[in-house]
Amino acid sequence: MYNVPYFKAENNKAVIDFMRAHPFIILCGCNKNNQPVATHIPVLIEEREDKIFLQAHIMRKQKHTLAFEENPGVLAIFSGAHSYVSAGWYEKKDVASTWNYQAVHANGILYWKDDNFLYALLEKLTANFEANPHSPALVEKMENSYTKLL
């Protein structure tokens, strides 16, 4: 990502607020042969002891899951608003057009948790994104035989 100081957020709160406002991320990594993989997932963000933790669920035994097991170093990309900016709009016309966008890149290590943690996380994820305590799509309303597959 371009590293231009005057386009950067001025404080960590602004960055975390942006991440919370755009929780559907692209999670990128590489397998043991350095072949890139990526998946699109919703995340919850927790702050603990001046660190940011992303919590998410990815389906088991997929190409990206197997790669993340082999190499847990990941890059999470949060994307926001974006727009093409034509140089035709500029007073000086002989310059390049550009693309304005908002994004946060966060790198870290992916950690796998046990089934109990996963179930509790799925409860939090669905409660957060359903935003309706009566939704039939809440994990606690699903059959055990189904949730064991997650």
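**Ground rules.** Residues are numbered from 1 along each chain as its sequence is written, and side-chain values use heavy atoms, with hydrogens and water left out. Since this is a predicted model, local features need pLDDT of at least 70 and side-chain atom pairs count only at pLDDT 80 or more, while totals for chains, interfaces and linings use all residues.

**Entry 1: strands.** I began with the strands (DSSP runs of E, at least two residues; helices are runs of H or I, at least four residues; both are numbered from the N terminus). Two strands pair if DSSP finds at least two bridges between them. I found β1 and β2 paired antiparallel over 7 bridges, with I26 standing opposite H40 in β2. The two strands make a hairpin with 5 residues between them, and N34 in that turn has a positive phi of about 60 degrees.

I then followed β1 to β5: the two run antiparallel and are joined by 3 bridges. C28 has L75 as its bridge partner in β5.

Next came β3 and β4, antiparallel and joined by 5 bridges. Here R48 is partnered with K51 in β4. This hairpin has 2 residues between its strands, and E49 in the turn shows a positive phi of about 50 degrees.

V37, T39 and I41 are on the covered face, whereas P36, A38, H40 and P42 are on the uncovered one.

**Entry 2: cores.** A nonpolar core is a set of buried Ala, Val, Leu, Ile, Met, Phe, Trp, Tyr and Cys residues joined through side-chain atoms within 4.5 Å. Buried means under 20% relative accessible area, exposed means over 50%, and partly exposed is in between (1.4 Å probe, protein chains only). The largest nonpolar core has 16 residues, and I25, L27, I41, V43, F68 and F78 touch the most other members. The elements giving it two or more residues are α1 (12-21), β1, β2, α2 and β5. The largest share, 3 residues, comes from β5. Apart from this core lies another, of 6 residues, including L44, L118, L121 and L122.

I picked out F68 and listed its contacts (heavy atoms within 4.5 Å). Not counting residues up to four places away in sequence, F68 touches L27, C28, G29, V37, T39, I58, V74, L110 and W112.

**Entry 3: V43.** Is V43 buried or exposed? V43 is buried, at a relative accessible area of 4%. I located V43 in the loop between β2 (36-42) and β3 (44-48). Its C-alpha lies 4.8 Å from that of A56, 13 residues apart along the chain. Leaving aside neighbours within four places in sequence, V43 is in contact with P23, I25, L54, Q55, A56, F78, L125 and F129.

Entry 4: T65 is in helix α2 and is buried, with a relative accessible area of 2%. Beyond its neighbours within four places in sequence, T65 is in contact with I58, M59, R60 and W112.

K124 sits in helix α3 and is partly exposed, with a relative accessible area of 38%. K124 touches L44, E46 and Q55, not counting residues up to four places away in sequence. I also checked K124 against V139: they are 15 residues apart along the chain, with C-alpha atoms 8.8 Å apart.

**Entry 5: the largest pocket.** A pocket, on a 1 Å grid over the protein atoms alone, is an open set of points where a 1.4 Å probe fits, with protein on both sides within 12 Å along at least five of seven lines; lining residues have an atom within 4 Å of a point. The largest pocket holds about 910 Å³ of space, a volume being the space filled by probe spheres set on the points. Of its 33 lining residues, L54, Q55, A56, L110 and Y111 are the closest to its centre. Elements that give two or more residues to the lining are β1 (24-30), β4 (51-55), α2 (63-70), β5 (73-85), β6 (98-109) and α3 (115-130).
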